[in-house]
Amino acid sequence: MKYNNRQIFKGLFIVGIILLFISLFLDWYTFEVYNINKDLIASWNYHHFTGWTTPLLDAFTYNDLFRPHNLDISPILHFLFMFIIISCAFTTLTKDVEKVSSPQKLKNYAYLNLFLLLLVGFYIIIFPIGYLLPNELYFPFNMVEDHDANLFYVYSLDIGYYSQVIGFVLVFPYSIFYYQTITHFERKDQTVEKVIGKYIQEIQEPLDMDKFIAEEVLKQRIKSELPPKVFEHNSSNIVKKRVK
């Protein structure tokens, strides 16, 4: 069974949507501290909904000392992202751009897919640059040695971030295809000939065929009853009245 590019892009889009949704519930960043003996003394993971969490027990007395600062990303953004993901998934499954009579009606759904790409761009670009770096949290991976304290700091992006990147790569082709298909049909319908044709149809008054037939019958009856000169005189008067 052969599959065209649209079907392949659509399948990848669905997989990407699932990855984008799941990524919000995974850890996005990890910060760890080791002593000179390479023993773990502090570990913190960042999660978008819960903030910084630690897998270590209270017995690790130095763990709280190395807790990073809060990143202060509004949870409203995460809920908005989830809503857009669900909306795009529903649209993809129910609104096939190639199976509708007028693709232009799906323009809003195309913009929805583009907005999804914009939000994903925030998570994979703005998040590390605008929130991690100002808090001295390096990416994608870095190991810093503190010789004075005999400590090793390990900074790394986690599985949630990489799932988001993979999701973006998967949803990008179909989102662009969806938008380009709609804009293509829109340009096709906006040719000069079609615009003029639509305008003529809008301003054209429908012909009253009954009235037209009645007038012709009346003319023929008058013509048969009156002498030719009288008929010509009356006809000229009728024409003059209509011109006025």
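View A. The axes of helix α1 (residues 5-23) and helix α3 (residues 107-132) come within 13 Å and cross at roughly 45°. Axes are lines fitted to C-alpha atoms, for helices over the stretch in contact, with angles from 0 to 180 degrees between N-to-C directions. Helices (H or I, at least four residues) and strands (E, at least two) are DSSP runs, numbered from the N terminus. The model is predicted: local features need pLDDT of at least 70, side-chain atom pairs count only at pLDDT 80 or more, and totals for chains, interfaces and linings use all residues. Residues are numbered from 1 along each chain as its sequence is written, and side-chain values use heavy atoms, leaving out hydrogens and water.

**View B. Residues in the contact of α1 with α3.** Helix α1 contributes Phe-13, Ile-17 and Leu-20, and helix α3 contributes Asn-113, Leu-116 and Val-120 (contact means heavy atoms within 4.5 Å).

**View C. An open sheet of 5 strands.** The strand order is β3-β2-β1-β5-β4, with antiparallel pairing (two strands pair if DSSP finds at least two bridges between them). Strands β3 (51-53) and β4 (141-146) form the edges, each pairing on one side only. On average, neighbouring strands of this sheet are turned by 15° against each other, direction ignored.

**View D. The pairing of β2 with β3.** Strand β2 (residues 40-47) runs antiparallel to β3 and is joined to β3 by 3 bridges. His-47 stands opposite Gly-51 in β3.
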